[in-house]
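Here is my note on the structure you asked about. Keep the model open beside it and follow the points in order.

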Amino acid sequence: MGITTGKYSITETDYLFIDTGATEAAETDVFGGSVTIYSMHFFHNHSNPAYVKIYNATTATVGTTDPDIILKADGTSTNNGHTYWTIVDGLSLTNMTYAAEDSSGTTGTAAPDSGAGVKIDMVVR
């Protein structure tokens with residue numbers, strides 16, 4: 001997994017956040033404070049879907065802590081593995097922790113398709 005952030009727009013208020021291999025391991029307090037998400041792009045290169053679980057918290061225990069949001073990242077059998085979410089007014093979080101795994105429920109703990117990560121791109125402010 002590699003996480004990258006950087007200035008994205010001329011106004012220098014938007015950031016492009018990239019995680020090249022999100023797994024069932026929670027990435028905690030990613031931005032070190034509040035964030036607003038305006039778009040997300042997931043890429044999952046296996047046929048089965050994965051699920052990105054977002055917690056509005058500084059930390060979370062995957063499988064125990066209930067996620068605030070669960071988003072489906074389609075596998076290659078749908079749209080060649082690309083899933084796009086646009087949030088016009090933005091999704092504001094006080095803190096952001098996330099993980100990706102193979103269960104749509106709140107209690108799953110398995111990595112997506114035997115350890116294959118999900119690529120996540122987000123435009124945040």
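1. Aromatic pairs. A search of the whole structure, a predicted model, turns up two aromatic pairs. Rings of Phe, Tyr and Trp (its six-membered ring) pair if their centres lie within 6.5 Å; planes under 30 degrees apart are stacked, over 60 edge-to-face, and the rest tilted. Strands (E, at least two residues) and helices (H or I, at least four) are DSSP runs, numbered from the N terminus. Ring pairs link Phe17, Phe31 and Tyr98 into a cluster.

2. Are Phe17 and Tyr98 buried or exposed? Phe17 counts as buried, at 1% relative accessibility. Tyr98 is buried too, with a relative accessible area of 1%. The cut-offs are these: buried is under 20% relative accessible area, exposed is over 50%, and partly exposed is in between (1.4 Å probe, protein chains only). Over the protein chain of 125 residues, buried residues make up 40%.

3. How to read the model. Residues are numbered from 1 along each chain as its sequence is written, and side-chain values use heavy atoms, with hydrogens and water left out. Because this is a predicted model, local features need pLDDT of at least 70 and side-chain atom pairs count only at pLDDT 80 or more, while totals for chains, interfaces and linings use all residues.

4. Confidence. pLDDT is the predictor's confidence in each residue, from 0 to 100. The protein chain averages 85, and 87% of the residues score at least 70. Which strand has the lowest confidence? Strand S1 (residues 3-7) does, at a mean of 55. Strand S4 (residues 50-55) has the highest, at 93. Where pLDDT is low, the predicted coordinates should not be read in detail.

5. Overall make-up. The protein chain has zero helices and eight strands. Contact means heavy atoms within 4.5 Å. Take the contacts in the protein chain with a separation of 6 or more: residues 24 or more positions apart account for 75% of them.

6. The open sheet. Three strands form an open sheet in the order S5-S4-S7, and the pairing is antiparallel. S5 and S7 are the edge strands, each pairing on one side only. Neighbouring strands of this sheet are turned by 20° against each other on average, direction ignored. Here axes are lines fitted to C-alpha atoms, for helices over the stretch in contact, and angles run from 0 to 180 degrees between N-to-C directions. Two strands pair if DSSP finds at least two bridges between them. S4 and S7 pair over five bridges. Ile54 stands opposite Tyr98 in S7.

7. Lys53 and Glu101. Lys53 is in strand S4, and Glu101 is in strand S7. Lys53 counts as buried at 1% relative accessibility. Glu101 is buried, with a relative accessible area of 0%. What joins their side chains? A polar contact of 2.2 Å joins Lys53 and Glu101. A polar contact is a pair of N or O atoms within 3.5 Å; within protein, one must be able to donate a hydrogen and the other to accept it, and residues adjacent in sequence count only if both atoms are side-chain atoms. A polar atom of the Glu101 side chain also lies 3.5 Å from the backbone nitrogen of Ala110. Leaving aside neighbours within four places in sequence, Glu101 is in contact with residues including Glu24, Tyr51 and Pro112.

8. Thr106. This residue lies in the loop between strand S7 (97-101) and strand S8 (118-124). Thr106 is partly exposed, with a relative accessible area of 33%. Its C-alpha atom is separated by 7.6 Å from that of Thr64, 42 residues apart along the chain. Beyond four places in sequence, Thr106 is in contact with several residues, among them Lys53, Gly63 and Ile70.

9. Positive phi values. Asp29 has a phi near 40°, positive in a residue other than glycine. Asp29 is in the loop between strand S2 (15-22) and strand S3 (35-43) and is partly exposed, at 26%. Asn80 has a positive phi near 55°. Asn80 lies in the loop between strand S5 (69-73) and strand S6 (82-93) and is exposed, at 60%.
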